[in-house]
Every structure is written in structure tokens, then in C-alpha cells.
Amino acid sequence: MTLVPVLVLAALLFSLGVYGLLARRNAVLVLLAIELMLNAVNINLIAFEAMIRDSLATGQVFAIFVITVAAAEVGIGLAIVLLIFRNRATANVDEFNLMKW
Amino acid sequence: MSDWFSEPANWVFLVVGLAVAFSALRVVTSRNVVHAALYLVATLAGTAVLFLLLSAEFVAWVLVLVYIGAVIVLFLFGIMITRAPIGYDATLDNDHRGVAAVVSGALFLLLSWVSIDFFGSTALKDVGDPTATDLLGESILGRFVLPFEIVSFVLLAALIGGITVARKDATPLEAEERV
């Protein structure tokens with residue numbers, strides 16, 4: 001088994017995440033697209049770990065760190081979406097203009 | 001090419017990779033919010049199988065537990081609480097789909113071109129031979145103990161921050177009554 005197909009799959013997932021990030025209106029769906037991108041990064045880390053196989057399993061350790069940070073990001077992100085929904089009664093990102101003057 | 005098909009790991013990768021790619025596509029194109037979240041479950045499950053194939057056994061199960069077990073449930077809660085339109089909804093996308101498709105397509109071509117150009121036919125070592133979990137544990141709590149502590153602090157801060165942000169604060173009048 002070679003490295004390149006795995007990297008291409010990860011690139012595909014990352015690009016689909018970018019597409020979702022740009023094309024979606026609903027804030028929850030934007031967060032789902034970000035999860036897709038983080039997942040692509042995890043696949044890359046694990047693939048390079050499977051290529052290098054160092055004695056510290058660095059790639060796997062960092063994949064676990066990425067998963068942790070993703071969990072924290074989802075918690076905070078959904079809390080913010082919830083707060084904006086409570087104030088604005090909408091979860092569409094193109095209707096959030098709080099930071100414009 | 002016949003060499004490629006003679007290796008069972010490649011077959012598993014082909015099937016799982018196609019499933020992951022399809023469900024990821026559905027995550028970003030589905031017209032139904034709940035379906036998008038459930039397709040993400042399929043994507044993550046496929047990724048976990050891929051991790052097993054790439055001999056990262058522990059990370060695969062962490063992915064299943066943390067993502068499919070916790071994060072997706074959180075997402076479904078988010079969908080229900082924000083009363084996102086459950087069921088078919090044509091207004092989930094904005095008007096920039098064409099630009100977004102061009103940008104992501106160009107990004108995909110660039111990334112895969114660089115990968116293929118650089119890593120040509122690099123082979124993976126010992127595919128299917130799982131990494132010993134004790135090695136991973138020693139690595140996390142040995143060489144990487146400081147990042148590990150920092151990332152657990154980040155998680156704690158995010159938990160407290162999430163509770164603080166989402167909590168309904170008492171209005172000044174209610175706060176006065178309570179005193």
C-alpha cells in the first residue's frame with residue numbers, strides 16, 4: 001500500500017470542507033464542514049506516521065491532540081451559535097452583522 | 001496495476017475511501033441538516049476503518065468514542081436547539097456555490113498534485129500491524145507530557161467557556177430581587 005492515495009483522499013476531504021465552509025449558510029453546517037477539514041488533517045497525520053514509524057508515534061499523538069482541540073472547538077462554537085440564535089432568532093451566518101458598524 | 005490489486009489492503013482502502021468520499025460530499029451538499037450530521041457519522045466511521053488499516057488502532061477508537069459518541073450528539077443537540085429547519089430546506093446554501101466549488105476544486109488539484117509529485121510511490125511500512133498502545137501512552141505521558149497538559153487545560157477552559165457563554169444571565173431586575 002502506498003502513501004499517495006491516502007494523501008489524495010485527505011486532500012479531497014479538506015477541499016470538500018472548504019467548499020462547505022464557503023457555500024453553507026447555516027452556522028451548524030459551517031461547523032460540520034470545519035470538522036471535515038480537521039478530519040482530513042488527522043488522516044494526513046496518521047498516513048505520515050504510517051510512513052515514518054518513529055519510536056515516539058508522533059503522528060498518532062498529534063492526531064489525538066487535534067481530536068481534543070476539535071472537541072473544544074465544537075463546544076465553544078455551538079455555545080456561540082446558541083447565544084446568537086437566542087439574540088437574533090436565526091442561525092444563518094449571512095445574517096450575523098453584529099461586528100459591522 | 002495488477003500488482004496493486006493483488007494486495008488486500010488496497011481493496012479495503014478503495015472501498016472505504018470511496019465510501020468516505022461519497023459521504024463527505026453528502027455532508028456539504030445535503031439539503032437536510034440532520035442528514036448532513038448523519039453523513040458526517042459515516043465519514044468518521046470510514047476514517048476510523050482507515051486508521052485501523054494504517055495501524056493506528058488507538059486513535060481509531062478514540063475517533064469513534066470522541067467524535068461519533070460525543071461530538072455528533074453535540075451537533076444534533078445544536079441542530080435541535082437552534083431550531084434549524086428539520087427536513088428538506090433549499091435555503092441552506094448561500095449564493096456563492098460556484099465560487100466555492102472553483103476554490104475547493106483548485107485547492108484539491110493543487111494539494112493532490114503536490115502530494116503525487118513529492119511522494120510518488122512512497123510505500124507505507126507494515127500496513128495492518130497495529131502500533132502498541134503502551135508505546136503511545138509512554139509517548140504522550142513522557143516526551144509529550146507538557147503539550148498533553150496544555151491541551152487538557154484548553155479543553156477545561158473550553159468547557160467552562162462554553163457553559164459561561166451559553167448560560168442565560170439573569171436580567172438586572174431579577175438579580176436585584178435575589179439580593
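Q: How many salt bridges does the structure hold over all chains?
A: Side chains of opposite charge can pair when their charged atoms come close. A salt bridge is counted here when a side-chain nitrogen of Lys or Arg lies within 4 Å of a carboxyl oxygen of Asp or Glu, and the structure holds 4 of them over all chains. Please keep in mind that this is a predicted model, in which local features need pLDDT of at least 70 and side-chain atom pairs count only at pLDDT 80 or more, while totals for chains, interfaces and linings use all residues. Residues are numbered from 1 along each chain as its sequence is written, chains are lettered from A and ligands numbered from 1 in the order in which they are written, and side-chain values use heavy atoms, with hydrogens and water left out.

Q: Which residue forms a salt bridge with D93(B) across the chains, and where do the two residues sit?
A: The partner is R24(A), and the closest N and O atoms of the pair are 2.8 Å apart. This pair crosses between chains, from D93(B) in the loop between α4 and α5 of chain B to R24(A) in the loop between α1 and α2 of chain A. The helix labels follow DSSP runs numbered from the N terminus (helices are H or I, at least four residues; strands are E, at least two).

Q: Which residues are linked with D93(B) in a network of salt bridges?
A: The network links R24(A), R31(B), D93(B) and R97(B). The side chains of R31(B) and D93(B) meet at 3.5 Å, N to O. That pair links distant parts of the chain, since R31(B) is in the loop between α2 and α3 of chain B and D93(B) is in the loop between α4 and α5, 62 residues apart. In the salt bridge of D93(B) with R97(B), the closest N and O atoms are 3.8 Å apart.

Q: Is D93(B) buried or exposed?
A: One reads this from the relative accessible area (buried means under 20%, exposed over 50%, partly exposed in between, with a 1.4 Å probe and protein chains only). D93(B) counts as buried because its relative accessible area is 8%, and R24(A) is buried as well. R31(B), with 22%, is partly exposed, and R97(B), at 35%, also counts as partly exposed.

Q: What does A23(A) touch, leaving aside its neighbours within four places in sequence?
A: Contact means that heavy atoms lie within 4.5 Å. A23(A) is found in helix α1 of chain A, and with those neighbours left aside A23(A) is in contact with L92(B), D93(B), N94(B), R97(B) and A100(B). A23(A) is buried, because its relative accessible area is 1%.

Q: How much area do chain A and chain B bury between them?
A: The size of an interface is often given as the accessible area lost when the parts come together. Buried area is taken here with a 1.4 Å probe and summed over both parts. Chain A and chain B bury about 7000 Å² between them, 77% of it on carbon and sulfur atoms. On the chain A side, M1(A), Y19(A) and R24(A) lose the most area to chain B, together 12% of what that side buries.

Q: How many residues does each chain bring to the contact, and how many residue pairs are in polar contact?
A: The contact takes 68 residues from chain A and 86 residues from chain B. A polar contact is a pair of N or O atoms within 3.5 Å; within protein, one must be able to donate a hydrogen and the other to accept it, and residues adjacent in sequence count only if both atoms are side-chain atoms. Between the chains there are 10 such residue pairs, both residues being at pLDDT 80 or more. α1 (4–23), α2 (27–52) and α3 (58–88) of chain A each supply at least two residues of the side that touches chain B, and α3(A) gives the most, with 24 residues.

Q: Which members of the largest nonpolar core touch the most other members?
A: In soluble globular proteins, nonpolar side chains tend to be buried together. A nonpolar core is a set of buried Ala, Val, Leu, Ile, Met, Phe, Trp, Tyr and Cys residues joined through side-chain atoms within 4.5 Å. Of the 70 residues in the largest one, M1(A), L32(A), F51(B), L54(B), V59(B) and F75(B) touch the most other members.

Conventions: Buried area = accessible area lost by both parts, 1.4 Å probe.
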